[in-house]
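Have the sequence and the structure ready.

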Amino acid sequence: MKKLLLLLLLSFFSVQSLAVPNIFSCEVKQDLSIHEDSINDVKRVDTFIFTDEIDNIVFSNNYDKRPALILHKKFKIIESRRDSDEYFNLSGEAVTTKIPFSFVYYLEEDYGFLSIAYSRANNARVMIARCVAF
């Protein structure tokens with residue numbers, strides 16, 4: 001009976017230590033609007049939070065609590081790699097606007113980068129944030 005209990009406890013802690021985080025606190029490093037003749041810093045927030053919900057990454061319902069480039073709260077995950085011991089990688093796009101994102105998180109270092117970028121007609125937007133598990 002003691003061996004069974006020990007085995008159960010050991011497997012519980014092993015699964016817990018391998019769990020991939022799903023809530024991230026991010027610090028905006030760059031939030032730029034790029035035009036043919038100018039580059040403007042359009043940073044509206046310094047920090048924000050998002051949640052990895054397997055099929056989507058979800059930002060705050062409150063527009064004022066997320067970067068200006070994130071117009072809608074949900075981005076669809078199109079491709080993910082979650083099987084590495086060193087990092088995991090998510091990529092996808094905003095559900096309605098199709099603005100692409102990429103997120104790489106280094107498990108051992110406990111940080112990652114979220115980048116959202118697009119270009120249309122005569123302008124482009126770029127937002128880069130450094131994120132840690134929350």
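This is a predicted model: local features need pLDDT of at least 70, side-chain atom pairs count only at pLDDT 80 or more; totals for chains, interfaces and linings use all residues.

Q: How many disulfides does a search of the whole structure find?
A: Start with the general idea. A disulfide is a covalent bond between the sulfur atoms of two cysteines. The search of this structure finds 1 disulfide. Cys 26 is joined to Cys 131, with 2.1 Å from S to S.

Q: Which parts of the chain does the pair link?
A: The pair links distant parts of the chain. Cys 26 sits in strand β1, residues 23-35. Cys 131 sits in strand β9, residues 123-133.

Q: Why is the disulfide right-handed?
A: Look at the torsion about the S-S bond. For Cys 26 and Cys 131 it is about 105 degrees, so the disulfide is right-handed.

Q: Are Cys 26 and Cys 131 buried or exposed?
A: Cys 26 is buried, and Cys 131 is buried too.

Q: What does β1 pair with?
A: First, the general idea. In a regular strand the side chains alternate between the two faces of the sheet. Now the case here. β1 pairs with strand β2, residues 38-41, in the antiparallel sense over 4 bridges. In β2, Ser 38 is the bridge partner of His 35. A hairpin of 2 residues joins β1 to β2.

Q: Which residues form a nonpolar patch on the surface?
A: Ile 23, Ile 49 and Phe 134 form this patch. Together they have about 300 Å² of accessible area. Ile 23 belongs to strand β1. Its relative accessibility is 31%, so Ile 23 counts as partly exposed.

Q: Where does Pro 100 lie, and what does it touch?
A: Pro 100 lies in strand β7, residues 100-106. Leave out residues up to four places away in sequence, and Pro 100 touches Gly 92, Glu 93, Ser 115, Ile 116, Ala 117 and Tyr 118. Pro 100 is partly exposed because its relative accessibility is 37%. Now compare sequence with space. Pro 100 and Phe 75 are 25 residues apart in sequence, and 8.5 Å apart from C-alpha to C-alpha.

Q: What is phi of Asp 110?
A: Phi of Asp 110 is positive, near 60 degrees, and Asp 110 is a residue other than glycine. Asp 110 is in the loop between β7 and β8 (111-120). With a relative accessible area of 39%, Asp 110 is partly exposed.

Notes:
Residues are numbered from 1 along each chain as its sequence is written. Side-chain values use heavy atoms; hydrogens and water are left out. A disulfide is a pair of cysteine sulfur atoms within 2.5 Å. Buried means under 20% relative accessible area, exposed over 50%, partly exposed in between (1.4 Å probe, protein chains only). Contact means heavy atoms within 4.5 Å. Patches are made of residues with over 30% relative accessible area and no salt bridge: like charges are joined within 9 Å, nonpolar side chains (Val, Leu, Ile, Met, Phe, Trp, Tyr) within 5 Å. Accessible areas come from the Shrake-Rupley method with a 1.4 Å probe; for residues, only the protein chains shown count as cover. A salt bridge is a side-chain nitrogen of Lys or Arg within 4 Å of a carboxyl oxygen of Asp or Glu. Two strands pair if DSSP finds at least two bridges between them.
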